[in-house]
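Try each task before you read its solution.

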Amino acid sequence: MTQVFINGARDDLNVREFQSLDPSIQELILAATEARKQAYCPYSNFAVGAALRTSDGTIYSGCNIENGAYATCICAERTAAVKAISEGKRDFVACAVVAQQDNGFTTPCGVCRQFLSEFVNGKDIPLYAAKPTNLPLRVLCTSVLQLLPNGFSFTNGK
């Protein structure tokens, strides 16, 4: 078994074979794989696709979109989330991220982790990270809150 490192820590236990995953998870990963093909990343050449499933089963996908003014770039995860939110969907139940990284899996950046945590409604949601192949073979199975322990939460005044 290949060793997998997430943020420097070994994490073989959370890696699964794509074919062993539930078909709904496979569908989510494949939607992220397709979204990745639309990435606009002329500066980094690092294409990322993401897909979010909402509680009604709808999948919203997105890709990263770069800009010469780097601060205005948007990650794939936030693109998918903003599409869902703008359609009135705020109850996310799963997320998939697909990107090519030779050593390990690409998981959401800190900004995206915090952004997604805003919409998990006090519960955790699974997050699946895979590499873009014709058929993803291995998938990192984790969750938003596993990736963002002790994230910022505004609870005062509510």
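**Exercise 1: Glu66**

Glu66 sits in the loop that runs between β5 (59–63) and α2 (76–86). The model is predicted.

Task: Find which side chain makes a polar contact with the side chain of Glu66.

Solution. 
1. List the contacts beyond four places in sequence: Glu66 is in contact with Tyr40, Cys41, Pro42, Tyr43, Ser44 and Cys73.
2. Look for a charged partner. Glu66 is buried but has no salt bridge. The nearest side chain of opposite charge is Arg78, 11 Å away.
3. Look for a polar partner. The side chain of Ser44 makes a polar contact with that of Glu66, at 2.3 Å.

**Exercise 2: Ala35**

Task: Decide whether Ala35 is buried or exposed.

Solution. 
1. Locate the residue: Ala35 belongs to helix α1 (residues 23–36).
2. Apply the cut-off. Buried means under 20% relative accessible area. Ala35 has 9%, so Ala35 is buried.
3. Check the surroundings. Leaving out residues up to four places away in sequence, Ala35 touches Gly49, Ala50, Ser61, Gly62 and Cys63.
4. Take one of these, Gly62. Ala35 and Gly62 are 27 residues apart in sequence, yet their C-alpha atoms are 5.6 Å apart.

**Exercise 3: An annotated site**

Task: Find where UniProt places the feature "binding site".

Solution. 
1. Read the record: the unreviewed UniProt entry places this feature at Cys75, Cys109 and Cys112.
2. Compare sequence and space. These residues spread over 38 residues of sequence, but they cluster, with a largest C-alpha distance of 8.4 Å.
3. Check contacts: Cys75 touches both Cys109 and Cys112, among others.
4. Cys75 has 23% relative accessibility and is partly exposed. Cys109, at 32%, is also partly exposed.

Notes
Residues are numbered from 1 along each chain as its sequence is written. This is a predicted model: local features need pLDDT of at least 70, side-chain atom pairs count only at pLDDT 80 or more; totals for chains, interfaces and linings use all residues. Side-chain values use heavy atoms; hydrogens and water are left out. Helices (H or I, at least four residues) and strands (E, at least two) are DSSP runs, numbered from the N terminus. Buried means under 20% relative accessible area, exposed over 50%, partly exposed in between (1.4 Å probe, protein chains only). Lys and Arg count as positive and Asp and Glu as negative; His and the chain ends are not counted. A salt bridge is a side-chain nitrogen of Lys or Arg within 4 Å of a carboxyl oxygen of Asp or Glu. A polar contact is a pair of N or O atoms within 3.5 Å; within protein, one must be able to donate a hydrogen and the other to accept it, and residues adjacent in sequence count only if both atoms are side-chain atoms. Contact means heavy atoms within 4.5 Å. UniProt positions are given in the numbering used here, feature names are shortened, and annotations may be inferred rather than shown by experiment.
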